[in-house]
Amino acid sequence: MLEPAYIERLDERALDELRAMHAESSDAELALSYFRRLAQARTEILEAERSRRESGGSVEDLVADLPRILGAEGGRSTIANTRGAPAADEPTIELHWPDHRENLVVDNILTHLPAIDLDELVATIEALHDFERELSDLRTQMHHVIDAIDRVIVSRRVAGTTG
């Protein structure tokens, strides 16, 4: 969907095809957004764990602080400042990377957080930051695709040719 050919000659496509492309692109954007939110939340938890270790706090302190860590004042996007995808929606499509980076947000590292060493913790935080940036870039590109499709659909509505 991010290949330039996907949105070439949109004005020549049937409205049903445009609507299907819009739905497909929106589903992909929702999946990217979902993975991005997971990456951001995990990053915040792992950064809190690193801070907990530096300050000498207990695991109980970290657990008690989770509502604040994952609350609205965190750095994650909220429904109010995104394109409107419901925050609780799970994607209807699955995304996979050749190197299995998606496992960064679905692995079980959080279940054994106190047991992992500092090097693994720091490396995972860095990998999550990189993954989140990549997901943000992909979402931006997907927004351009959706916008291009929307422009054609809207122009047909304005012209009265939507069928």
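Predicted model: local features only at pLDDT ≥ 70, side-chain atom pairs only at ≥ 80, totals over all residues.

User: At what angle do H1 and H2 pack, and how far apart are their axes?
Analyst: The angle is about 140°, and the axes are 10 Å apart.

User: Is the crossing of H1 and H2 left-handed or right-handed?
Analyst: Right-handed.

User: Step back a bit. How many helices and strands does the protein have?
Analyst: There are 3 helices and 0 strands. Along the sequence, the pattern reads α-α-α.

User: And H1 with H3, how do their axes cross?
Analyst: H1 covers residues 15–55 and H3 covers residues 118–159. Their axes come within 8 Å and cross at roughly 155°. H1 and H3 are therefore roughly antiparallel to each other.

User: Which hand is the crossing of H1 and H3?
Analyst: Left-handed. By class, the contact of H1 with H3 has 22 nonpolar, 10 polar and 12 charged residues.

User: Let's go to single residues. Where does methionine 21 lie?
Analyst: Methionine 21 is in helix H1.

User: Buried or exposed?
Analyst: Buried: methionine 21 has 5% relative accessibility, so it falls under the 20% cut-off.

User: What does methionine 21 touch, beyond four places in sequence?
Analyst: Methionine 21 touches Tyr6, Leu10, Arg13 and Ile149.

User: Now isoleucine 7. Where is it found?
Analyst: Isoleucine 7 sits in the segment before H1. At 30% relative accessibility, isoleucine 7 counts as partly exposed, because that value lies between the 20% and 50% cut-offs.

User: Which residues is isoleucine 7 in contact with, leaving aside neighbours within four places?
Analyst: Val145, Ala148 and Ile149. Ile149 is also on the list for methionine 21.

User: How far apart are methionine 21 and isoleucine 7?
Analyst: They are 14 residues apart in sequence and 9.1 Å apart in space, C-alpha to C-alpha.

User: What about isoleucine 7 and leucine 18?
Analyst: In sequence, 11 residues separate isoleucine 7 and leucine 18. In space, the C-alpha to C-alpha distance is 9.6 Å.

User: Change of topic. What share of the protein is buried?
Analyst: Buried residues make up 38% of the 163 residues.

User: And what share of the contacts is between residues 24 or more positions apart?
Analyst: Such pairs account for 81% of the contacts with a separation of 6 or more.

User: Now confidence. What is the mean pLDDT of the protein?
Analyst: The mean is 85, and 87% of the residues reach 70 or more.

User: Which elements have the lowest and highest mean pLDDT?
Analyst: Helix H2, residues 59–69, has the lowest at 87. H3 has the highest at 93.

User: Where does pLDDT stay under 50?
Analyst: Over residues 76–87. The model still has 21 contacts beyond four places in sequence for that stretch.

Technical notes. Residues numbered from 1 in each chain as written. Heavy atoms only, no water. Axes fitted to C-alpha atoms, helices over the stretch in contact; angles between N-to-C directions. Helix = DSSP H or I, 4+ residues; strand = E, 2+ residues; numbered from the N terminus. Parallel < 35°, antiparallel > 145°, perpendicular 65-115°, else oblique. Left-handed = near helix turned anticlockwise from the far one by under 90°. Nonpolar A, V, L, I, M, F, W, Y, C, P; charged D, E, K, R; others polar. pLDDT = per-residue confidence, 0-100. Contact = heavy atoms within 4.5 Å. Buried < 20%, exposed > 50% of the residue type's maximum accessible area, 1.4 Å probe, protein only.
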